[in-house]
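Work through the exercises below with the sequence and model at hand. Each task is followed by its solution.

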Amino acid sequence: MDKLQIGIYFEALIEWLTNNLEPVFEGLRTGILALIEGFEAFLLFIPSYVLIAILVVLAWKIAGKSIAIFTAVGLLLIDLMWLWPQTMQTLSLVLTSTVIALLMGIPLGIWMSQHDVVDNVTRPILDFMQTMPAFVYLIPAVIFFDLGEVPGAVATVIFAMPPVVRLTNLGIRQVPEDVIEAARSYGATRKQMLIRVQLPLAMSTILAGVNQTIMLALSMVVISAMIGAGGLGEEVLRGVTQMEIGKGFEGGIAVVILAMVLDRITQSLGNTGKTK
Amino acid sequence: MEKIKVKNVFKIFGPNPQKIIPLIEKGKSKEEILKETGHGVGVNNANFAVEQGEIFVVMGLSGSGKSTLIRCLNRLIEPTAGEILIDGENIVGCDKDTLLQIRRKKMAMVFQNFALFPHYTVGENVAYGLEVQGEDLETRHKKAYEALELVGLKGYEESYPDQLSGGMQQRVGLARALATDPDILLMDEAFSALDPLIRKEMQDELLVLQARMQKTIIFITHDLDEALKLGDRIAIMKDGVIVQIGTPEEILTHPADDYVRDFVQDVNRVKVLTASAIMKKPDAVVSRKDGNKVAIRKMQEAGISSIFVTDKERHIRGIITIDDAMALLKKGEHSFESIINTEVPTTSPDTSIVDLLPIAVDTKYPIVVVDDDKKMLGIIVRVSVLSGILGEEE
């Protein structure tokens, strides 16, 4: 029997998309790029020590004293390693990807929670997005969006979106049945139920999903750098490819610090949501 | 005036419920249908009418279909067949908007496990029905405040449900139902999750409120004592079928079949009336660290001649009498440690009244009802043992 070549259909699909939907991709590219550059310009406009101070205060308010101290020490270390601009570049990419992932993911999760059919259809797609090796869609992304930060952001969105979709869906479905029943018995419409009962009670779970999405977005930093997304990923990549072990290590440390700061702060956000 | 009329209502659970009704009409039992078709019969041909201002109790064991039946009344569960008339209007098959309006204005429900919104304050919980109706904030505040006052929870507006005890939470549940001023209250095992004493208290209060408000109440319970106490009329359900409807007297004196007779028999026998049914809250207790003077003042205030001593966790430690305490006072001692009589008659909450009799005869103090950890649940004054045997309430 001949080899079954599914691959050629995929190639044909990519080619068709490239030929026919170019204006769409061009529009998306412009939009995403504007977002990334906007974040970047804003983050680099503020002097590093001012931004560090702001983040420390934020960490203090949301996550407490020890996290605030860690934030201060960690971010100062990044600044002293002269990796601040790269870190802000990476942060811009992470923020952009996260914002897009949340804007699409949370509504999708809500939709899934309301209809079992949507749930059943979406689940395998999410599995696909999470487990398909990123390199496979990295190349089409480059074809659609050229090299640079934009295909990096797109690949990151694909990889990082599933957790917030799943956890939004789960959080809403986990709202106790008796509370739902009570709301229904008082004549709540579906919309009233969603906004005033289901979403508030699902909030801590949804925030856990947001946290997961941010973490996954950060984990794509190095892979995105391979297609020219820049930032800390580029540092690490250069370290690896040019055998500059020390440089790669510095970039890696900066990624870890950024990840831990973002993780601890967003995690506390979810926990404070839980108490009330 | 008939407020609610239920005509030939069926509820079948399963993929093809309509096909099952002919089988039921042919006389197949619930078990046979489950075995042969995999369908569950929730409610089997329910027929009854409830008058305006009546408390109609639906009683049955778990699985008898009573909770399904009450949910058909506001269509939280869609009946498979039949008519449900509210003020003469059939709500089965009415459109969505009409149903919403009926749920908002005409009925309100109180749930077994309270089902309060954990993210809302007590005040917001109570105002929920009004919020759904789109009332403005001022009206919501005012009506929620009134409803909370009605159930004795004034001042708890800003608390959260998890800060309240079970009894208080169910008061909130009741206030939430009363806030929209509905004609009909649906109470699904509303007091079943509460401690016996709190439960009795809530039953009494419901009757007081009802005397004032004259709502139409459908009350679901599995507890015959509760049914007899609250119900103007009682419907007894078994396997989805209403086997008898009647006043408490009719049910007690003319049970329709063996199933009902079994229930009722238990009531007539003093044996099943237990300590927990006739116990009451002690008028006063003193804690060990209180002084003699406090004990005397408490006894004088409550008008009693002896007082129980408990520790912080309400474990019973003994009893002191007013005479001993006064003698101690003359001697000028502050601690009553020396006069505590530890020989206090105790009993468990499920001791039957018959078994309490010998204890009551032997002691000159009230009998203390304690749980397995010797924690004080309530006391039984000796007189109430006798009145319990004679079948007199309180």
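Buried means under 20% relative accessible area, exposed over 50% and partly exposed in between (1.4 Å probe, protein chains only). This is a predicted model, in which local features need pLDDT of at least 70 and side-chain atom pairs count only at pLDDT 80 or more, while totals for chains, interfaces and linings use all residues. Residues are numbered from 1 along each chain as its sequence is written, chains are lettered from A in the order in which they are written, and side-chain values use heavy atoms, without hydrogens and water.

**Exercise 1.** Determine whether A:Ile6 is buried or exposed.

Solution. Step one: locate A:Ile6 in the segment before α1 (7-20) of chain A; helices are DSSP runs of H or I, at least four residues, numbered from the N terminus. Step two: take its relative accessible area, 59%. Because this value is over 50%, A:Ile6 is exposed.

**Exercise 2.** Classify B:Asn292 in the same way and list its contacts.

Solution. Step one: B:Asn292 belongs to helix α14 (residues 292-302) of chain B. Step two: its relative accessible area is 1%. That is under 20%, so B:Asn292 is buried. Step three: contact means heavy atoms within 4.5 Å. With neighbours within four places in sequence left aside, B:Asn292 touches B:Ala325, B:Leu328, B:Leu329, B:Glu333, B:His334 and B:Phe336.

**Exercise 3.** How many helices does chain A have, and what percentage of its residues is buried?

Solution. Step one: chain A has 13 helices and 0 strands, strands being DSSP runs of E, at least two residues. Step two: of its 276 residues, 48% are buried.
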